[in-house]
Amino acid sequence: MMNKEQFIKEICDKFPYLKDEILDEDYGGLFSLQVSVFRENTQSAIDNCNNEVIETHLNFISKNFKSFDNEVENSIVLSYIGKLDFKNYPMPKLFQDIQAELAIYNQSAHKDETLIKVLKKISKEK
């Protein structure tokens, strides 16, 4: 399973233009902020129709999603996939499924047990 440290290393290796910002001392130990840097860069690419960056980012997440440990998966679902706006780009099926499940969750009673069930359901379907 890919843990936080491995995920950050992979992101920095595959996307060196993000390395300085992701490894910024202000983000040290704050994984969700590091994931947000990646999301913001993806969102900027979507907003500016930079298909090459979009494809490489989305393919990285889609290809590795099943290998993320629970902590990485939770951050990717909540801080990355759940916050992307695909207004100018077709949303991949995995992302559609996750965003739909998040919408259901957000309408629920906001219990941790609900989120755990949603994430388990998504993992089993993929």
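A salt bridge is a side-chain nitrogen of Lys or Arg within 4 Å of a carboxyl oxygen of Asp or Glu. A search of the whole structure turns up six of them. The structure is a predicted model, in which local features need pLDDT of at least 70 and side-chain atom pairs count only at pLDDT 80 or more, while totals for chains, interfaces and linings use all residues. Residues are numbered from 1 along each chain as its sequence is written, and side-chain values use heavy atoms, with hydrogens and water left out.

The idea behind such pairs is simple: side chains of opposite charge can pair when their charged atoms come close. One of the salt bridges joins lysine 9 to aspartate 13, with the closest N and O atoms 2.6 Å apart. Both residues sit in helix H1 (residues 4-14), four residues apart, or about one turn of the helix. Helices here are DSSP runs (H or I, at least four residues), as are strands (E, at least two), and the numbering starts at the N terminus. An α-helix has 3.6 residues a turn, so residues three or four places apart point the same way. How open is this pair to the outside? Lysine 9 counts as exposed, at 52% relative accessibility, and aspartate 13 is partly exposed, at 48%. The cut-offs are these: buried is under 20% relative accessible area, exposed is over 50%, and partly exposed is in between (1.4 Å probe, protein chains only).

Lysine 87 meets aspartate 47 at 3.3 Å, N to O. Lysine 87 belongs to the loop between H5 and H6 and aspartate 47 to helix H3, so to speak a link across 40 residues. Lysine 87 also forms a salt bridge with aspartate 85, this time with the closest N and O atoms 3.8 Å apart. Put together, Asp47, Asp85 and Lys87 make a network of salt bridges. Lysine 87 is exposed, at 53% relative accessibility, whereas aspartate 47 is partly exposed at 34% and aspartate 85 is partly exposed at 36%.

The side chain of arginine 39 does reach the backbone oxygen of serine 79, at 2.8 Å. That is a polar contact, meaning a pair of N or O atoms within 3.5 Å; within protein, one must be able to donate a hydrogen and the other to accept it, and residues adjacent in sequence count only if both atoms are side-chain atoms. Not counting residues up to four places away in sequence, arginine 39 touches Ser79, Tyr80, Lys83 and Leu84, where contact means heavy atoms within 4.5 Å.

Glutamine 34 is also in helix H3, which covers residues 31-47. At 10% relative accessibility it counts as buried. Apart from neighbours within four places in sequence, glutamine 34 is in contact with Ile8, Ile22 and Tyr27. Cysteine 49 lies in the loop between H3 and helix H4 (51-64). Its phi is near 55°, a positive value in a residue other than glycine. Most residues other than glycine have a negative phi.

Next comes helix H5 (residues 70-80), whose buried residues are Val72, Glu73, Ser75, Ile76, Val77, Ser79 and Tyr80. At the start of H5, a side-chain oxygen of aspartate 69 reaches to within 3.2 Å of the backbone nitrogen of glutamate 71. Valine 72 counts as buried, at 0% relative accessibility. Leaving out neighbours within four places in sequence, valine 72 is in contact with Met2, Asn3, Lys4, Phe7 and Phe31. Valine 72 and glutamine 6 are 66 residues apart in sequence but 9.7 Å apart in space, C-alpha to C-alpha.

Last is helix H6 (residues 93-107), where 15 residues reach 21 Å from first C-alpha to last, close to the expected 21 Å. The expected span is 1.5 Å times one less than the number of residues. The buried residues of H6 are Leu94, Phe95, Asp97, Ile98, Glu101, Leu102 and Tyr105. They cover an arc of only 160° around the axis, which puts them on the same side of H6; the arc is that of the directions from the helix axis to the C-beta atoms. On the other side of H6, Lys93, Ile104 and Gln107 are exposed.
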